[in-house]
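Hello,

I am handing over the structure below, followed by notes on what was found in it. Please read the notes with the model open.

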Amino acid sequence: MVHAASDKAVPWSRFDAGKLCLSIFPGLQLPIITRYYVTLSFLTTAACALEIITPFNVYFNAHLIFKKGELWRLLTNFFFFGNLGLDFVFHMFFLVKYCKSLEEGSFRGRSADFLWMLLFGGTLLTVLAPFVSIEFLGSSLTFMMVYVWGRRHQYVNLSFLGIFNFTAPYLPWVLLAFSVMLGSSPKVDLLGMVAGTFCCVQALGAPQHL
């Protein structure tokens with residue numbers, strides 16, 4: 001629901017992502033970093049869908065960032081997940097599931113360390129993006145978290161559509177293969193896996209079975 005802006009602006013210091021997130025996703029309890037990321041992703045994508053802004057205002061463009069001073073693009077490109085629809089729901093499901101699982105599991109009580117891992121991974125993605133021509137890095141960052149989650153839960157058994165079973169470290173590869181079968185480019189997922197590998201080494205210790 002879109003409300004008309006009031007005459008009196010609400011100061012940013014009163015912005016509460018927790019209350020806003022609960023109003024958008026009733027009953028969904030999220031840790032702080034996941035809460036802010038999910039909320040900002042939903043608001044950015046919704047704002048584009050409602051034509052309050054356009055994807056051209058938020059996409060990653062090195063020329064506009066470093067030559068024109070549009071520094072906000074370094075962050076906003078991570079918050080846009082395409083048109084509101086089934087694909088957006090799919091991305092939000094993975095974002096909430098694995099971001100929340102990492103923050104409440106491997107990084108329980110260490111939200112600052114989790115934020116540092118996201119910043120480290122986001123920086124790697126930003127450096128690599130111009131070489132593979134990717135304008136929106138939110139999907140790659142989500143896939144990075146899937147990769148890290150898999151490495152931290154290597155003995156968890158999973159099933160793909162009830163067809164075959166595999167352990168968690170192979171989840172990114174299964175999703176990558178499924179994405180390619182549907183005709184999508186593998187570069188977004190591969191970029192996330194590259195960043196995830198470095199994050200495992202930097203933040204969590206050397207990963208197993210690389």
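Leaving aside neighbours within four places in sequence, which residues is F114 in contact with? They are I33, T34, C99, L102, E103, F107 and M145, where contact means heavy atoms within 4.5 Å.

Some ground rules come before the rest. This is a predicted model, in which local features need pLDDT of at least 70 and side-chain atom pairs count only at pLDDT 80 or more, while totals for chains, interfaces and linings use all residues. Residues are numbered from 1 along each chain as its sequence is written, and side-chain values use heavy atoms, with hydrogens and water left out.

Overall layout

The protein chain has 9 helices and 2 strands; these are DSSP runs numbered from the N terminus, with helices being H or I of at least four residues and strands E of at least two. Their order along the sequence is α-α-α-α-α-α-α-β-β-α-α. Of the 210 residues in the protein chain, 41% are buried. Here buried means under 20% relative accessible area, exposed means over 50%, and partly exposed is in between, with a 1.4 Å probe and protein chains only. The chain has an accessible surface of about 12200 Å², and carbon and sulfur atoms account for 65% of that (Shrake-Rupley method, 1.4 Å probe; for residues, only the protein chains shown count as cover). Among contacts with a separation of 6 or more, 60% are between residues 24 or more positions apart.

The core and F114

The largest nonpolar core holds 45 residues, and F114, M117 and M145 touch the most other members. Such a core is a set of buried Ala, Val, Leu, Ile, Met, Phe, Trp, Tyr and Cys residues joined through side-chain atoms within 4.5 Å. The elements giving two or more residues to this core are α2 (32-49), α5 (86-104), α6 (111-132), α7 (138-152), α8 (171-181) and α9 (187-204).

I33, in helix α2, is one of the contacts of F114. The two are 81 residues apart in sequence, yet their C-alpha atoms are 7.9 Å apart in space. I33 is buried, with a relative accessible area of 16%. Apart from residues up to four places away in sequence, I33 touches E103, S111, F114, L115 and L118.

Helix α7 has 13 of its 15 residues buried, so it is largely enclosed by the rest of the structure. What should the 15 residues of α7 span at 1.5 Å a residue? The answer is 21 Å, and the end C-alpha atoms are 21 Å apart, which agrees; the expected span is 1.5 Å times one less than the number of residues.

L119 and L141 are 22 residues apart in sequence, and 9.9 Å separates their C-alpha atoms.

Around F80

T44 sits in helix α2 and is buried, at 12% relative accessible area. Residues up to four places away aside, T44 touches I53, V58, T76, F79 and F80.

N77 is in the loop between α4 and α5 and is buried at 0% relative accessibility. Not counting residues up to four places away in sequence, N77 touches V58, Y59, F60, E135, F136, L137 and G138.

Aromatic rings

There are 10 aromatic pairs in the structure. Rings of Phe, Tyr and Trp (its six-membered ring) pair if their centres lie within 6.5 Å; planes under 30 degrees apart count as stacked, over 60 as edge-to-face and the rest as tilted. F80 and F136 are a tilted pair, because their centres are 4.8 Å apart and their planes are at 50°. This pair links distant parts of the chain, 56 residues apart: F80 is in the loop between α4 (73-76) and α5, and F136 in the loop between α6 and α7. F80 is buried at 9% relative accessible area, whereas F136 is partly exposed at 26%.

F107 and F114 also form a tilted pair, at 5.4 Å centre to centre and 50° between the planes, and both residues are buried. Elsewhere, ring pairs join F90, F93, F94, Y98 and W149 into a cluster. K97 lies over the face of Y98, 5.6 Å from the ring centre; a charge counts as over a ring if NZ of Lys or CZ of Arg is within 6 Å of the ring centre and within 35 degrees of the ring normal.

Regards
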